[in-house]
Amino acid sequence: MAAPVPSPGSTASRAVAAAARLADEPVGHLFKGLPPNAADRTLGELAAEHRSLFTGGFTTPVLALSAERLEHNLTALADYTARHGLAFAPHGKTSMAPQLFARQLQHDAWGITLAVPHQVRVARAYGVPRVFLANELVDAAALRWLAAELDADPDFRFVCYVDSPQGVALMDEALRAAGARRPVEVVVELGAGTGARTGARTRAECAAVAEAVAATGTLRLVGVAGYEGEVPDADLAAVRGWLRQLAEVAAALDAAGHFAGAEEIVVSAGGSAWFDAVADAFAELPELSAPVLKLLRSGAYVSHDDGHYHRLTPFNRHPDEGALQAAFTLWTQVVSRPEAGQAFLNAGKRDAAHDLELPQPHAVRGTDGTVRPATGLAVTGLNDQHARVRVEEGTTLEVGEWVGLGMSHPCTIFDKWQAIPVVDADGTVTDLIRTFF
């Protein structure tokens, strides 16, 4: 029996209203790429001017987020999760952008997944009503803050991982010292295998963690979870095998009475590479003693990318289910052509994601405003503030022209930019997304 997928209802409105406060932040000199002649304006005032990204005073390098592609991606995963009976808590560590959290809640997300206490504080400051912390939490200072936050807001729901009796003991000690009145909801994390990241490795270890939780008065066990992206040498068969183990742990803990009295049992997994396998496995979960909240946590979808996730998205395996679109372009400028086959752009490691692969030139905007494909160009290396570009023989590229780059890995695209223009297809800036890393 699946738990009904809850709609955030008015809680989305709360997050939207809170995120709207960001429009009052001064542009000043804090944000790279924004127009120098807009320094006396707020972010909201600059967005309301609907300037052109290319002729409105924005300086290179500047990262642009496509308004149309962003909306497409938000809709695509909302439709997918609804079609498969999944609740959705997209991973907010990807963007750390309260405005995007609010958009995700407006698209019927259950809540937002996060990874560390600072991120939870940001989400709460901007009205996020439900947080799934896909990590262990044993920091006493963070637990003191969490206890106060839960006590102050009876509508705030928080769930986090536990994977050891030692971690449970640390949580219990800190929450008792803080005088916590509401128990913290936890899920046992099943590790993805030997050598993988966090998580209890065996069913027996999971049971020991559950027993430790039951011995506290400060924690309440509500389910099981894990991350299939850490399965060693992951392929579809290996991921499905691990998801079967997750279901078996849920059933075993339920049979042992560890979820007694629960209104719903949380079973959660799902990054951005295997959410189809998660959907299939969750559709086959056994009947448990309470309705099951089947919680997916994919995050990279919100902007998608031009490399890693472009190749790995499950929509490549199931094109009939939908598609995602790469929504970011890093616009740079040619600042030097010192040799016939060489050019340098004014963006480097400080501006472009490069942890998985180098950026890819997609488009060139000439000094006359015309745009052409970036045929014959390839980024071969990055310095802190320069991109080295190989220019094939016969390819035209002039100093002063703009080059649009696609990049790989949304998490490291977002975290290099504190204010990101949202642009329509014609380059009109319609909003500015504020990030908190």
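Helix H4 (residues 98–106) is largely enclosed by the rest of the structure, because seven of its nine residues are buried, where buried denotes under 20% relative accessible area, exposed over 50% and partly exposed in between (1.4 Å probe, protein chains only). The buried residues of H4 are Pro-98, Gln-99, Leu-100, Phe-101, Ala-102, Gln-104 and Leu-105. Helices (H or I, at least four residues) and strands (E, at least two) are DSSP runs, numbered from the N terminus. The model is predicted: local features need pLDDT of at least 70 and side-chain atom pairs count only at pLDDT 80 or more, whereas totals for chains, interfaces and linings use all residues. Residues are numbered from 1 along each chain as its sequence is written, and side-chain values use heavy atoms, with hydrogens and water left out.

The largest nonpolar core contains 111 residues; such a core is a set of buried Ala, Val, Leu, Ile, Met, Phe, Trp, Tyr and Cys residues joined through side-chain atoms within 4.5 Å. Leu-114, Phe-158, Val-184, Val-186 and Val-267 have the most contacts inside this core. Helix H9 (residues 236–255) supplies its largest share, eight residues. A second, separate core of 19 residues includes Phe-31, Leu-34, Phe-58 and Val-429. When neighbours within four places in sequence are left aside, the residues in contact with Leu-114 include Phe-101, Val-131, Phe-132 and Leu-133, contact being defined as heavy atoms within 4.5 Å.

Asp-276 is located in helix H10 (residues 275–283). This residue counts as buried because its relative accessible area is 3%. Beyond its neighbours within four places in sequence, Asp-276 is in contact with Tyr-80, Pro-314, Arg-317 and His-318.

Most residues other than glycine have a negative phi, and most peptide bonds are trans. Asp-233, in the loop between strand E7 (219–225) and H9, has a positive phi of about 50°; Asp-233 counts as exposed because its relative accessibility is 74%. His-304 lies in the loop between strand E9 (292–296) and helix H11 (308–312) and has a positive phi near 55°, but is buried, with a relative accessible area of 3%. The peptide bond from Thr-60 to Pro-61 is cis, with omega near -5°, and Pro-61 lies in the loop between helix H2 (43–48) and strand E1 (62–66).

Glu-393 belongs to the loop between strand E15 (387–391) and strand E16 (402–406). Its relative accessibility is 84%, so Glu-393 counts as exposed. Glu-393 and Gly-341 are 52 residues apart in sequence, with a C-alpha to C-alpha distance of 6.7 Å.
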